[in-house]
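Subject: The structure we spoke about, with notes

Hello,

Here is the structure I promised to pass on to you. Please open it beside this message, and keep it in view while you read the notes that follow.

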Amino acid sequence: MNRRRMKKRVVCGGMLLSLLLSALLAGCAYGKTGGMEADGQGPGAAAREPDDYVQREIGLPKELLQASYTVAGFCQTGEETQELFVYNRTRSQFEKYVLTPASGWEAAPCGWLDSAARDGSPGSAEVLCRDGIYYAQYEGEDGKSHLIRSSDEETAEELPMDGWERQEGAVYYPAVDRIAVLSEHMAASTLTDGTCQIHRDGTLAGAFRCGESYSLAGFGEYVAALSEGNTGVCLYNAQRMEIESEIRFADPAEDIPQLFMKDDASVYLAGDEGLKELKTDSGEERLLIEGSGTLFSDGGCFPLWLEKTPENGFYVLFADRDRSSARLMEYSPAAPGEGGAPDENAQETRLVIYGLRDNELIRSAISHFRVKYPSVDIQYEAAGSENGAATDGDLIRALNARMEAGNGPDLLVLDGIPVDAYVEKGLLADLSGVLSQSDVAANIRKACEQDGQIFAIPTRIGLPILLGTEDVIERADDLSQLAAYADQAALPYYVEGTVTYRTLIEQFYPLYIGSILKDQSVDADQLRRFLSDLGKIADAVGAVEASDFDNSRPARWLGLGSTSFAVAILRGMLFDQATELLSYAEQRGDYRVVDHLFLPYGLLGVNAHSGQRELAEQFVLEALDLQVQQTEYLGAGFPVTEAALAKWRDNESSRGGAILDPNTDSYISFDWPDAEMRKRLFWEISQVETPVPQDSVVKEKLMTIGEQYLRGGMTLEAAVQEIKDEVEIYLQE
Amino acid sequence: MKQPYRKSRTKWRSIFRSRLWGFWMLLPSMAGTAAFHVLPMFQVLKQSVTDDRSGGFAGWEHYREVLDNGSFRLAAQNTVRFLGVCVPLLLALSLLGALLFYREKGDLRKTLALLPMAIPVASMARIWKVLFRRYGLLDRLFCGRTGGVDYIGSRWAFGVLVLTYIWRNVGYDIILWTAAVRSVNRELDEAAQVDGAGRAQRFVRIWLPHILPYAGVILLLSLLNAFKAFREVYLMAGEYPNKTIYLLQHIFNNWLLHYRFTDLCAGAVLVIGAVGILSVLFQRLLERDGESGGDE
């Protein structure tokens, strides 16, 4: 008996011991891994503790705040004097502003740049200063690059530059991207063909292959450019005309850094990771300013100019892609007790932002918000981008579980998330009070109202448009008329590429879904008409089930010609498919936004149960601020605020191009968007009043079953009934 | 005279002591079950009668909403139809299989029988898509290049679902039935045969009463596996499949997506209740049949 009891005790004791041991081992392994990840002291990692710098924004001159401008240059002309050069598009002139500690910004004359304004593309100008002499490089109307110099700031002389002229047999001039002035007689320039040229008194003295052409710096006898492949920095000795060394990056980042040289001992690299210093003699790389928490990590802002302050800090001028908005930041070394690593014991305010996809505007808003609220820790979770394998459904379920547990994010980017369900359950705060402090366009505000309250506001919008001849545009509001027209008219085809049924449904879906879905049910008659009319259009344009050619460009598959039409989503504005179509339509026909529809993007909502609700509402205001909303590159859509829209309307810049008209076999050139088009689109946006339902389930059902009908796999009645049944299952849930 | 009393106390004490070890051994498992199953069930029950905006008592409001919901009714109807068709069919086919193959010995038979169940669900869904999607193997076989029937996305979807369930579970149930069939008294069967009883008579009078006690367990396991068929359907047809295979799990899954926790809880309570009642009824029925069979 005792022996049995003893045996039992031994067995149990052994089991408990083994449990304890395994827990201990697991704990050790976790601690070890956590420790390694925490300080990154794995083998081969370079020590990179950044110095402590305090970020401060220096506001731009008041005159520029409401103006439309392009930044041309920023240089240090005295120990405590900086000069900012801009081309004011509102007044069509170059302007200079001088910044001194005593008097702040003061306007100053810069008549010497008049020739650049008169003879060239002023938006392309880059202004530098070296040893009291001013230089400006710009693209002329003839497409040639010009370099002018001024010592009195009143007149300028042109410096002819070898190698900048058109090569024999070539159609275009080589495009000069950046210049660096080394001295009165020496200058370096990078060209978009991947070469860096060194000129002595205008004569081409040397050249070498380089990486990304917008990264160039020079000082003394050295020129720094990215090496081919952007894996390091080439240091070129302009006296000996040879590459003196090539310093490889310790940790090549995905983004291409901007280079600056303020002395011949260091090259400064500015990019997403922050500001790094690269020693030219030893190749040692050191992180000076951490990117996170500063504008360096803002995807919409690029560091274009850098100057050193007397206190060994830095002035960095950031601007967007088109240099149409700028922010001047000062980074000063932190005083003892200031800056430094955050005190872990201090109570930290945290704002959590959640979205299914990464959103550039939100990142830009975060950078701006951090400057205003440096003590707030912002955590942006772009769940879909971080969890590649998970579906949107999985992510939304996980989010819902968090919200239900009271652990939800403070702000939500609601694209792809069931907004109506959240509104119904009281999860989203009413933003109408907050939005009264912003200048969101009144019609967009009204479109987002539900019983006088606003729970989600878009930060960008797109326009679904129908393009075609006058006859087509007249019939835009009635798909049946359009279909009848398409049936009769002999629509020309392109030789290459055809449209598929799915693409056809996808293109017309936003224009007409509003009439099909009503009061949480499907209008069978409207759906029948939609499918039947789409069938006629499909026959008229020769739609197919599958196509090897890329048929995402409507111009290819629908054929723009004398009697034809296309549907596009107007979102990107520069060299996007819709850009070409619109310019084509302008010359051959017209376009129209059907039924005053718009597509909301970047929907922002505040968690009603957030502990940081006030701060979250301030973030919403920041996302609607002019600095964040304004942009010339509208790849993500149009702004939603009056000021940003007006600024875009008044912008005079445009891009030229040409597209082939397959019906006449000739090129149509365009300069787009011109003032007329900007005013027209501005007016269109002011008229939008109905958001297109962004329901992916309904769209997918319509596309899948509609496709079966269009290819003859089922009758019209069967298709209508099946779509109605399945969509109503979803709507009734 | 006191001795028997002392003996009894000692006996109980030793029984208690010996079972105490068992209790301690079971404690972690019980704690886990309580934490992850029992407590959440109470939470679900509580949430099913709570108003989601105010947090107050909502009474039967959510249950009424759920029962009024057309999608829930459709899902319930489809689930009952699926269970009503698949489970008896599976039991019958697997019993037939057991009767045909119960004499065979060896591991190969067991392996082959269990193979469908061992195939990962994701792999199975992939294979099924190749077989049953538009321009899949079946489509090409029957319709050629001009066909284009999506068996998973059309009215044939229910048939595909039944086939999936039967194919996946029949082997497993055959093994279970085989154990039942092997328990039949051979001598009794031979004696009946000698007495002139036919095959059908012997099956009904001798085999069935021996097999029926096992039927309850096999039925329960088949029911549980029937609910697991949702995984295949979800992987093949997504969150909103053809309406004929739109099951209860679909609507629960979608309610989770649309933040309808209270409806989800009310629906879950209704389903648990229905399944519980059915289980008890079946158990009672089988026990009664078993008893009456035993008496005979």
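This is a predicted model: local features need pLDDT of at least 70, side-chain atom pairs count only at pLDDT 80 or more; totals for chains, interfaces and linings use all residues.

Which side chain does B:Ser222 join in a polar contact? The partner is B:Asp173, and the polar contact between the two side chains is 2.7 Å. If we set aside the neighbours within four places in sequence, B:Ser222 is in contact with B:Val87, B:Leu90, B:Leu91, B:Tyr165 and, once again, B:Asp173.

Next, please turn to chain A and find helix H4, which takes in residues 360–372 and so has 13 residues. From the first C-alpha to the last, H4(A) reaches 19 Å, which is close to the 18 Å expected at 1.5 Å a residue. Is this helix mostly covered or mostly open? H4(A) is mostly covered, since 10 of its 13 residues are buried; among them are A:Leu361, A:Ile362, A:Phe369 and A:Val371, and the buried set also includes A:Ser364, A:His368 and A:Arg370. At the start of H4(A), a side-chain oxygen of A:Asn359 comes to within 2.9 Å of the backbone nitrogen of A:Leu361. A:Arg363 forms a salt bridge with A:Asp358, and the closest N and O atoms of this pair are 2.9 Å apart. Both partners are partly exposed, A:Arg363 with a relative accessible area of 32% and A:Asp358 with one of 41%.

Two residues of chain A deserve a look for their backbone angles. Most residues other than glycine have a negative phi. Phi of A:Asn230, however, is near 60°, a positive value in a residue other than glycine. A:Asn230 sits in the loop between strand E15 (222–226) and strand E16 (232–237) of chain A, and it is partly exposed, with a relative accessible area of 22%. A:Met241 also has a positive phi, near 55°, and is likewise a residue other than glycine. You will find A:Met241 in the loop between E16 and strand E17 (242–248) of chain A, where it is partly exposed at a relative accessible area of 21%.

The two chains also meet, and the meeting place can be described in some detail. How many residues of chain B are in contact with chain A? There are 32 residues of chain B in contact with 32 residues of chain A. Together the two chains bury about 2900 Å² between them, and 50% of that area is on carbon and sulfur atoms. Six salt bridges are found across the interface of chain B and chain A, and between these chains 18 residue pairs are in polar contact, counting pairs in which both residues have pLDDT 80 or more. On the side of chain B that touches chain A, the elements that give two or more residues are helix H1 (2–47), helix H3 (70–101), helix H11 (248–257) and helix H12 (261–295) of chain B. The largest share of that side, six residues, comes from H11(B). Sorted by class, the side of chain B that touches chain A has 14 nonpolar, 12 polar and six charged residues. For a salt bridge with one partner in each chain, please look at A:Asp725 and B:Lys243, whose side chains meet at 2.8 Å, N to O.

Over all chains, a search of the whole structure finds 41 salt bridges. One of them pairs the side chains of A:Arg649 and A:Asp650 at 3.1 Å, N to O; A:Arg649 is partly exposed at 26% relative accessible area, and A:Asp650 is partly exposed at 39%. In chain B, the side chains of B:Asp150 and B:Arg133 meet in a salt bridge of 2.7 Å, N to O. B:Asp150 lies in the loop between helix H6 (137–143) and helix H7 (157–182), while B:Arg133 lies in the loop between helix H5 (121–132) and H6, so the pair ties together parts that are 17 residues apart in sequence. B:Asp150 counts as buried at 14% relative accessibility, whereas B:Arg133 counts as partly exposed at 24%. Finally, salt bridges that share partners join A:Glu545, A:Glu707, A:Arg711 and B:Arg134 into one network.

With best wishes

Technical notes
Residues are numbered from 1 along each chain as its sequence is written. Chains are lettered from A and ligands numbered from 1 in the order in which they are written. Side-chain values use heavy atoms; hydrogens and water are left out. A polar contact is a pair of N or O atoms within 3.5 Å; within protein, one must be able to donate a hydrogen and the other to accept it, and residues adjacent in sequence count only if both atoms are side-chain atoms. Contact means heavy atoms within 4.5 Å. Helices (H or I, at least four residues) and strands (E, at least two) are DSSP runs, numbered from the N terminus. The expected span of a helix is 1.5 Å times one less than its number of residues. Buried means under 20% relative accessible area, exposed over 50%, partly exposed in between (1.4 Å probe, protein chains only). Buried area is the accessible area (1.4 Å probe) that two parts lose on being put together, summed over both. A salt bridge is a side-chain nitrogen of Lys or Arg within 4 Å of a carboxyl oxygen of Asp or Glu. Ala, Val, Leu, Ile, Met, Phe, Trp, Tyr, Cys and Pro count as nonpolar, Asp, Glu, Lys and Arg as charged, and the others, Gly among them, as polar.
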